[in-house]
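Visitor: I would like to learn how to read this model. Please take the features in turn.

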Amino acid sequence: MMSNQHKIPQATAKRLPLYYRFLNNLHIQGKSRVSSRELSEAIKVDSATIRRDFSYFGALGKKGYGYNVEYLLGFFRKTLDQDENTPVALIGVGNLGTAFLNYNFTKNNNTKIEMAFDADKQKVGSTIGDVQVHHIDELEDYLDKISVAILTVPVSEAQNITDRLVDAGISGILNFTPARITVPDSIRVHHIDLAVELQSLVYFMKHYPLNDDNDE
Ligand SMILES: NC(=O)c1ccc[n+]([C@@H]2O[C@H](COP(=O)([O-])OP(=O)(O)OC[C@H]3O[C@@H](n4cnc5c(N)ncnc54)[C@H](O)[C@@H]3O)[C@@H](O)[C@H]2O)c1
């Protein structure tokens, strides 16, 4: 995946897709350069952090010029494997899963939900967005090309489905269920929980109030 990830701090690596999306939009609009300040305002990351992040990529902005959009995009494309497509499977086509299928991830991105699975016979066979829903019993028949799965099943099903995904050779799971799933060390799990994110936002608002005259 990220070939030179070992040289980039994890916090920086996590911001790469955000940078990539914004710079790609600038590129589409025909802009050839951007300042750390413009970037900062658009993606809400402070400009000192952006400058530090970009210095890891060998991109040193010039005063009064900013950064070369094309150079950065080239770097991000390589680092994020943007030229390679990562097919994704979604498991659990309920409220959350349906919303993800209807949302077009591929616009600025190389990840695409290629297939979906559910246990509900009424959903099996339907197409949502442009993704076909298969029966969960057929999971193992389809997974050979898939390395990433999004988990949006009920919490009670999470570990069972995870075990099947692992046995079928999955490498990464984006877990939206509240379950703390157990996987072998070689498999990466990222857990997304809106309640935790909201709590953290409220905590930061209270303890780290922002003023609007900080840097530059
Ligand atoms: N991370 C977050 O911020 C967040 C927010 C809301 C919900 N959730 C969690 O996401 C999950 C999905 O929530 P939802 O509101 O979409 O639920 P939902 O009940 O609408 O959808 C669950 C879907 O999973 C399917 N399903 C059930 N058992 C299955 C199995 N064994 N294999 C495949 N599919 C199966 C159901 O048929 C249904 O379509 C829940 O675990 C919920 O707690 C997380």
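Guide: Start with helix axes: an axis is a line fitted to C-alpha atoms, for helices over the stretch in contact, and angles run from 0 to 180 degrees between N-to-C directions. Helices (H or I, at least four residues) and strands (E, at least two) are DSSP runs, numbered from the N terminus. This is a predicted model, where local features need pLDDT of at least 70, side-chain atom pairs count only at pLDDT 80 or more, and totals for chains, interfaces and linings use all residues. Residues are numbered from 1 along each chain as its sequence is written.

Visitor: At what angle do the axes of helix H1 and helix H4 cross?

Guide: The axes of H1 (residues 10-28) and H4 (residues 69-79) cross at roughly 135 degrees and come within 10 Å. That makes H1 oblique to H4, given that angles under 35 degrees count as roughly parallel, over 145 as roughly antiparallel, 65 to 115 as roughly perpendicular and the rest as oblique.

Visitor: Which residues in H1 and H4 meet?

Guide: Contact requires C-beta atoms, placed from the backbone, within 7 Å. Residues including Leu16, Tyr19 and Leu23 in H1 meet residues of H4, among them Leu72, Leu73 and Phe76. The contact of H1 with H4 divides into 9 nonpolar, 3 polar and 1 charged residues. Here Ala, Val, Leu, Ile, Met, Phe, Trp, Tyr, Cys and Pro count as nonpolar, Asp, Glu, Lys and Arg as charged, and the others, Gly among them, as polar.

Visitor: How do the axes of H2 and H3 cross?

Guide: Helix H2 (residues 36-43) and helix H3 (residues 47-56) have axes that cross at roughly 115 degrees and come within 9 Å. That makes H2 roughly perpendicular to H3. Ser36, Arg37, Leu39 and Ser40 in H2 meet Ser47, Ile50 and Arg51 in H3. This contact of H2 with H3 holds 2 nonpolar, 3 polar and 2 charged residues.

Visitor: How many residues surround the ligand?

Guide: A residue is near a molecule if its C-beta atom, placed from the backbone, lies within 6 Å of it. The ligand is surrounded by 24 residues, the closest being Gly92, Gly94, Leu96, Thr177 and Leu194. The shell around the ligand contains 14 nonpolar, 6 polar and 4 charged residues. Its largest share, 3 residues, comes from H5.

Terms used: Two residues are in contact if their C-beta atoms, placed from the backbone, lie within 7 Å.
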